Amino acid sequence: MLRFILHALIVVILTLLTQIGGLAYLIALAAARACCIRRFPAKLAIFMLCYAGVSFAAGLAAPMFGRVPLSCVSSSTDRLVVRSPIYCLLNRNYVTSGVRDLAKALAAHMDEEFPGTVTIALDANFPFLNGFPLLPHLSHADGKKLDFAYYYKDADGTFLNGVTRSPIGYFAFEEPAPGDELPCEGRHDWLTTRWDFDALQPLFPTYRLEEQRMSAAVRWLTSEGVARFGLQKIFIEPHLKNALGITDSHVRFQGCRAARHDDHIHIQVE
């Protein structure tokens, strides 16, 4: 009974983390039993092979469900890159073809306005099933959402191309200054993903936002992104929206129960 519960727990965790990992685990479990394999290293190898095979099959099947993968393999000439291979390993790099085209067009625009600039994509969506949660996000569940990393510069004002403060592009927050707008001040919601990760903040390099590129990206998103690709919303924390002088109504606050958005840009289309 305990073994069954353990296997069920592993399936649930792998499914929540990767969507298809639970299926790969069940296939690997059946294969190991059929071959009378008992050693853990051999079982792990079988699981990794099954997971790789199921992930490959998901990439082939996803277009039939309206989603395509953003590639984690990039060259020195690519201007749109996914921040880390971990996003592809966990199958968190799927979007609709329209969102993919928007991302490529944004990267091309940034390269045209600021030659050589790399635009970094972060979490997207899983390959299948509208409504399946991409934790800890509350809305990345239909292929129509995508996060972009901020553009940064060092203390001397030199643009840091293709660099993020955090290794995965998240959780290195741009803290509000005294007097900034704080829509969630005084709230202590229990059920929330608005985590501050105070202990992590000193570990990140003290890069600053590159305001020119940030403003240019948001301007393009709220003009061309809306007109050509049906962009519906952009989430950025109010204190950064004010600091960057953004007034467009498509740029909104995501609410106090959702994750902070002063470490990345969230976009979604209709």
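Guide: Start inside. The largest cavity has a volume of about 40 Å³. The model is a predicted one.

Visitor: What makes it a cavity, and not a pocket?

Guide: A cavity is a set of points where a 1.4 Å probe fits but cannot get out, whereas a pocket is an open set. By this rule the count comes to one cavity of 30 Å³ or more.

Visitor: Which residues line the largest cavity?

Guide: The lining consists of Val118, Ile120, Ala149, Tyr150, Tyr151, Tyr152, Phe159, Leu160, Gly162 and Val163. By class, nine are nonpolar, one is polar and none is charged.

Visitor: Why does the lining of the largest cavity have one polar residue?

Guide: Gly counts as polar under the classes used, and Tyr as nonpolar.

Visitor: Now the pockets. What is the volume of the largest pocket?

Guide: About 570 Å³. The lining of the largest pocket has 17 residues, and His7, Tyr25, Leu29, Ala32 and Lys43 lie nearest the centre. H1, helix H2 (21–34) and helix H3 (40–61) each give two or more residues to that lining. By class, the lining holds 12 nonpolar residues, one polar and four charged.

Visitor: And what of the second largest pocket?

Guide: Its volume is about 400 Å³. The second largest pocket is lined by 20 residues, with Cys184, Glu185, Arg194, Asp196 and Arg260 nearest its centre. Here the lining divides into 11 charged, six nonpolar and three polar residues.

Visitor: Let us step back. How many helices and strands does the protein have?

Guide: Seven helices and 11 strands.

Visitor: Which residues are in contact with each, leaving aside neighbours within four places in sequence?

Guide: Threonine 18 is in contact with Tyr51, Leu90, Asn91 and Phe126. For asparagine 91 the list is Thr18, Ile20, Tyr51, Ser55, Asn125, Phe126 and Pro127.

Visitor: What makes the link between asparagine 91 and tyrosine 51 a polar contact?

Guide: A polar contact needs a pair of N or O atoms within 3.5 Å, with one able to donate a hydrogen and the other to accept it. The side chains of asparagine 91 and tyrosine 51 are joined at 3.0 Å, so the distance passes that cut-off. Threonine 18 has a polar side-chain atom 2.7 Å from the backbone nitrogen of glycine 21.

Visitor: What makes the backbone at glutamine 19 and cysteine 36 worth a stop?

Guide: Most residues other than glycine have a negative phi. Glutamine 19 has a positive phi, near 70 degrees. Cysteine 36 has one of about 55 degrees. Glutamine 19 lies in the loop between H1 and H2, and cysteine 36 in the loop between H2 and H3.

Visitor: Are glutamine 19 and cysteine 36 buried or exposed?

Guide: Glutamine 19 is at 10% relative accessibility, so glutamine 19 counts as buried. Exposed means over 50%. Cysteine 36 has 64%, so cysteine 36 is exposed.

Visitor: Why is the peptide bond from leucine 135 to proline 136 called cis?

Guide: Its omega is near 5 degrees. Most peptide bonds are trans. Proline 136 lies in the loop between strand E4 (119–121) and strand E5 (145–149).

Terms used
Residues are numbered from 1 along each chain as its sequence is written. This is a predicted model: local features need pLDDT of at least 70, side-chain atom pairs count only at pLDDT 80 or more; totals for chains, interfaces and linings use all residues. Side-chain values use heavy atoms; hydrogens and water are left out. Contact means heavy atoms within 4.5 Å. On a 1 Å grid over the protein atoms alone, a cavity is a set of points where a 1.4 Å probe fits but cannot get out, and a pocket is an open set with protein on both sides within 12 Å along at least five of seven lines; lining residues have an atom within 4 Å of a point. Grid points are joined across faces, edges and corners, and a volume is the space filled by probe spheres set on the points. Helices (H or I, at least four residues) and strands (E, at least two) are DSSP runs, numbered from the N terminus. Buried means under 20% relative accessible area, exposed over 50%, partly exposed in between (1.4 Å probe, protein chains only).
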